[in-house]
Amino acid sequence: MKLIFEQGASGRSANAQLPPDTNIDDIPAHYLRTTPPVLPEVSEMDTVRHYTRLSQQNFSIDTHFYPLGSCTMKYNPRACNSIALLPGFLARHPFAPATTGQGYLSCLYELQDILAELTGMHAVSLAPMAGAQGEFAGVAMIRAWHLARGDTARTEIIIPDAAHGTNPATAAMCGYTVREIPTDKQGNIDLDELRRVTGPQTAGLMLTNPSTLGVFEQQITEIAAIIHQAGGLLYYDGANLNAILGRIKPGDMGFDVVHINLHKTFATPHGGGGPGAGPVGVSARLQPFLPLPVTVREGEHYRLLDETDRPYSIGRLSANHGNGGVLLRAWAYARMLGEPGMARVAQFATLNANYLMARLDQAGFDIAFPQRRASHEFIVSLKRLKDETGVSAMDFAKRLLDYGFHAPTTYFPMLVPECLLIEPTETEAKTTLDAFVAAMIAVAQEARETPEKVKSAPHTLPVRRLDDVRAARKPDLAWKPQI
């Protein structure tokens, strides 16, 4: 497909959407360009068709089943978008005084309460702009708590070997040494090793539960006791909160701080680099350290707390108060579902995952933890298939695209060789899951009968298999006019 720059002709324009009151005479001369910008000269119709065609050539949750494990690519209700786009929300300036945004602040306040209730936390801040920033805020608060108590010996964060890669990165960014501990054959943390490495140097433990192995940590209360008895704190990576929503709370498991991926659990837009939001919830002892701002209610009015209200806060994570559009979508989603709906999310997510796992097990695929019930996701290992046919998990994933399905997460977690981490979410119908199973069976059969066909996939998409390393290291992102 041609670039949009290559589709136009000199003199064409699409200025019907130009604001009627635009007047460059109001702009000081020293701010004006001296040369015209290099923009595509195309009509409005050509512009619409170009970008519509591009969207139709892409895989998305609106067009295809997208079973990315640990990413929770589920349907985003359009009603949530409509609410977030109401003029009163959309036009509000972030520097506007609280008196002119009471409705907006009331929604943020309610969302804080909802998230605190769902996670069993004492208080919540909506400030983090993404899950990774929520992680950073969580570990930064753990550090601030220890330092406020004069405990400077806490130098290590314990992280399981199945954790998200952002966990050790976050710990390192906060100045900690990472102590990795193994998981056992059932996918649980090795308790003997945890006891061995935990001590006065332990600042905390970062844990996802259910883990990225797709199983619930069976000894979570004992894990919490080990860390707390040593004087450390527990951080909960909320990437997999979809599995337990409305059923069990991280606070009840013993966690002191949790971040929540609204773009995974609360059906806000996910993918393409954003937008995201990663609110953090804390137990009472960490509340003074929450990132700012935090919305509070005083009588019948709402306002944002600042540094004068919370002198021990870890500070601000962005210029204003979080990603407002994503937060409003999450608020609308939570209000529409209510408490019973929240529990149904986890019930159907778990049901779909276990159904899919059972079907693939019956079809002869190797389930990584066959003795464990899946949470909202599970792992299939294609190591045996690769040993027999030479077809890798990546080859298999690319071939699934030809069948109209986006691939599951590949090669993560790295503990399982030739790994496919599969998460169907609660929003997919049984007919879709059955069709996915049929595609998995068909690709496995092709791998045994015509392996080169699978190794060279995809065959039906606008773009064939790319050189991922070259694309990452030498991206060609700029268009230059021919002179």
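Pro293 sits in the loop between strand S7 (280-282) and strand S8 (294-298). In this predicted model, the peptide bond from Leu292 to Pro293 is cis, with omega near 0 degrees. A cis bond also joins Phe412 and Pro413, where omega is about 0 degrees. Pro413 lies in the loop between strand S12 (409-410) and strand S13 (419-422). Most peptide bonds are trans, and most residues other than glycine have a negative phi.

Glu418 is found in the loop between S12 and S13. Its phi is near 45 degrees, a positive value in a residue other than glycine. Glu418 counts as buried because its relative accessibility, 11%, falls under the 20% cut-off. Thr425 has a positive phi of about 65 degrees, although Thr425 is not a glycine. This residue is placed in the loop between S13 and helix H14 (430-449). At 1% relative accessibility, Thr425 is buried.

Thr152 occupies the loop between helix H5 (131-148) and strand S2 (156-160). Its relative accessibility is 63%, so Thr152 counts as exposed. Thr152 and Gln201 are separated by 49 residues in sequence; their C-alpha atoms are 8.9 Å apart. Ser82 belongs to helix H2 (residues 78-84). With a relative accessible area of 46%, Ser82 is partly exposed. Ser82 and Ala332 stand 250 residues apart in sequence, yet the C-alpha to C-alpha distance is 9.6 Å.

The secondary structure of the protein comprises 16 helices and 13 strands. The radius of gyration is 25 Å, close to the 23 Å that the globule rule gives for 483 residues, so the protein is as compact as a globular protein of that length. The C-alpha trace spans about 75 × 70 × 45 Å along its principal axes. The domain assignment gives domain 1 (4-55), domain 2 (79-337) and domain 3 (344-469). The C-alpha centres of domain 1 and domain 3 lie 44 Å apart.

Of the 483 residues, 48% count as buried. Among contacts between residues at least 6 apart in sequence, 73% join residues at least 24 apart. The protein exposes about 23300 Å², and carbon and sulfur atoms supply 55% of this area. Its charged side chains number 44 positive and 49 negative. The centres of the two sets lie 3 Å apart.

Conventions:
Residues are numbered from 1 along each chain as its sequence is written. This is a predicted model: local features need pLDDT of at least 70, side-chain atom pairs count only at pLDDT 80 or more; totals for chains, interfaces and linings use all residues. Side-chain values use heavy atoms; hydrogens and water are left out. Helices (H or I, at least four residues) and strands (E, at least two) are DSSP runs, numbered from the N terminus. Buried means under 20% relative accessible area, exposed over 50%, partly exposed in between (1.4 Å probe, protein chains only). The radius of gyration is taken over C-alpha atoms; the globule rule is 2.2 Å times the number of residues to the power 0.38. Contact means heavy atoms within 4.5 Å. Accessible areas come from the Shrake-Rupley method with a 1.4 Å probe; for residues, only the protein chains shown count as cover. Lys and Arg count as positive and Asp and Glu as negative; His and the chain ends are not counted. The place of a charge is taken as NZ of Lys, CZ of Arg, CG of Asp or CD of Glu. Domain bounds come from an automatic or database domain assignment.
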